[in-house]
Amino acid sequence: MQETLNYINENKQRFVDELFELLRIPSISADPAYKNDVLKCADVCAEHLKNAGADHVEVCETKGYPIVFGEKILDKNLPTVLVYGHYDVQPADPLELWKKPPFEPYIEKTELHPEGAIFARGSADDKGQFFMHVKAFEAMMKTNTLPCNVKFILEGEEEVGSVSLGDFVNENKEKLSCDCILISDTHIYSNEQPTVTTGLRGLSYVEVEIEGPNRDLHSGLYGGAVPNPIHVLSRMIAKLIDEDGHITIDGFYDNVEVVSDAERLDMNKLKDNPEEFKKSIGLSGVEGEKSYTTLERTSIRPTLDCNGIWGGYTGEGAKTVIPSKASAKISMRLVPYQTPEEITEKFTKYFEKIAPENVKVKVTPHHGGMPYVLPSDTKEFLAAKQAMETAFDKEVLPYRSGGSIPITAMFEKVLGAKSVLMGFGLDSDAIHSPNEHYGLFNFYKGIESIPLFFENYSK
């Protein structure tokens, strides 16, 4: 391993320079205007895999954006690790809140990153994190220390629901066959308390629409006599959660996993600092479901949030109308034993039930995903835990994340392999937000930890 670590240390600056090349490509999958950039990014990723030593590198066409595949098969009798990542990124809006243009990466020191952090869209989610795997693989290849087989699958649609990935995996089971899947698209609790993610919440995402009058109405002529869809929608959304933070949808908690007192005790060994938490997001206080800690509310409990709401006139100046329609987007994070199909159905029935009779209700389901748990007594978890403990020289604890990676459940169902969620970002890295960044310390620790994982898992 020392030879591999030496190679990593000697090439740190080049690794960052090459990552900057990737970050300069605005591979925004949600906006068709960036189609050529997404395609270009796939080609650049393929080139990096080839240069690192991967064989049979392909840019595989799908119904959407391509999937980049590469592999190194040393011996079919050795275990095979499938590395997953995504090269597409979120839109950068609102652009005016970025300190510098989002696709012109730069390094700046911060309070949490005294060694510097890379600021750019995609730096932490997920270009900086999957690129750690490419560079760790390169280091193992150059020093002839790769202990097992490795395959790479990099997709370009994660930020729009991985719409083509399921078909690709089902159609290429043999090509993607593996013993475990390694994913770095999550975060650690902190640099002082590194963690391996053992759980992810699922997701049910819906769009709702309330329709009142058959057209926008003059608020002077009709105001006070007809239902205003914005008012109705606001009241209905407010009814979805009570004052104790409890979601009021009928049967919402029927299948929620009951986490044991022992596991909750272990979970709360992580040093939760409420003041730091509030300070990091600019709040004077927090809220949530009663009888649960902040750590538990953001990991083992389901949630419901309104992600956006609109209706009526929002342009310059004044336009006195009662709008015909009002809409909102709502996401629900799910925990084990809840399914997106079940929760979407229960939400729809309840939302229709609480609507006044004089409006029309429309609920449109969007993408969803299953929750996922990796038990902390598995060989996959232990290989990651030991690797990170060696790299960080600190105890590594299991950690359930509040985020969702729906593909983990799909991978296990189709490929029969567990996913190891060995991410290295911090929850303060502003992913999906202006000024996204990724610490250099974390980037390098990831590259150091990955070869250790391969070594431990092979053993």
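Biologist: Where does Tyr337 sit?

Modeller: Tyr337 is in the loop that links strand S13 (325–334) to helix H12 (340–353). Helices (H or I, at least four residues) and strands (E, at least two) are DSSP runs, numbered from the N terminus. Keep in mind that this is a predicted model: local features need pLDDT of at least 70, side-chain atom pairs count only at pLDDT 80 or more, and totals for chains, interfaces and linings use all residues. Residues are numbered from 1 along each chain as its sequence is written, and side-chain values use heavy atoms, leaving out hydrogens and water.

Biologist: Thanks! What is the phi of Tyr337?

Modeller: Phi of Tyr337 is near 85 degrees, a positive value in a residue other than glycine. Most residues other than glycine have a negative phi, and most peptide bonds are trans.

Biologist: Which peptide bonds are cis here?

Modeller: One of them runs from Asp93 to Pro94, with omega near -5 degrees. Another joins Asp125 to Asp126, and its omega is near 0 degrees.

Biologist: And where are Pro94 and Asp126?

Modeller: Pro94 belongs to the loop between strand S3 (80–86) and strand S4 (106–108). Asp126 is found in the loop between strand S5 (117–119) and helix H4 (127–142).

Biologist: New topic: how do H2 and H3 cross?

Modeller: Helix H2 covers residues 12–23 and helix H3 covers residues 35–52; their axes come within 10 Å and cross at roughly 160 degrees. The axes are lines fitted to C-alpha atoms over the stretch in contact, with angles from 0 to 180 degrees between N-to-C directions. H2 and H3 are therefore roughly antiparallel to each other (angles over 145 degrees count as that).

Biologist: Which residues meet there?

Modeller: From H2, Glu18, Glu21 and Leu22 meet Cys41, Val44, Cys45 and His48 of H3 (contact means heavy atoms within 4.5 Å).

Biologist: Last one: which residues does the domain annotation cover?

Modeller: The UniProt record, an unreviewed entry, puts "domain: Peptidase M20 dimerisation" on residues 199–358. UniProt positions are given in the numbering used here, feature names are shortened, and annotations may be inferred rather than shown by experiment.

Biologist: What does the chain look like over residues 199–358?

Modeller: Over residues 199–358 there is 29% helix and 22% strand, and the end C-alpha atoms are 43 Å apart.

How values were computed. Angles under 35 degrees count as roughly parallel, over 145 as roughly antiparallel, 65 to 115 as roughly perpendicular and the rest as oblique.
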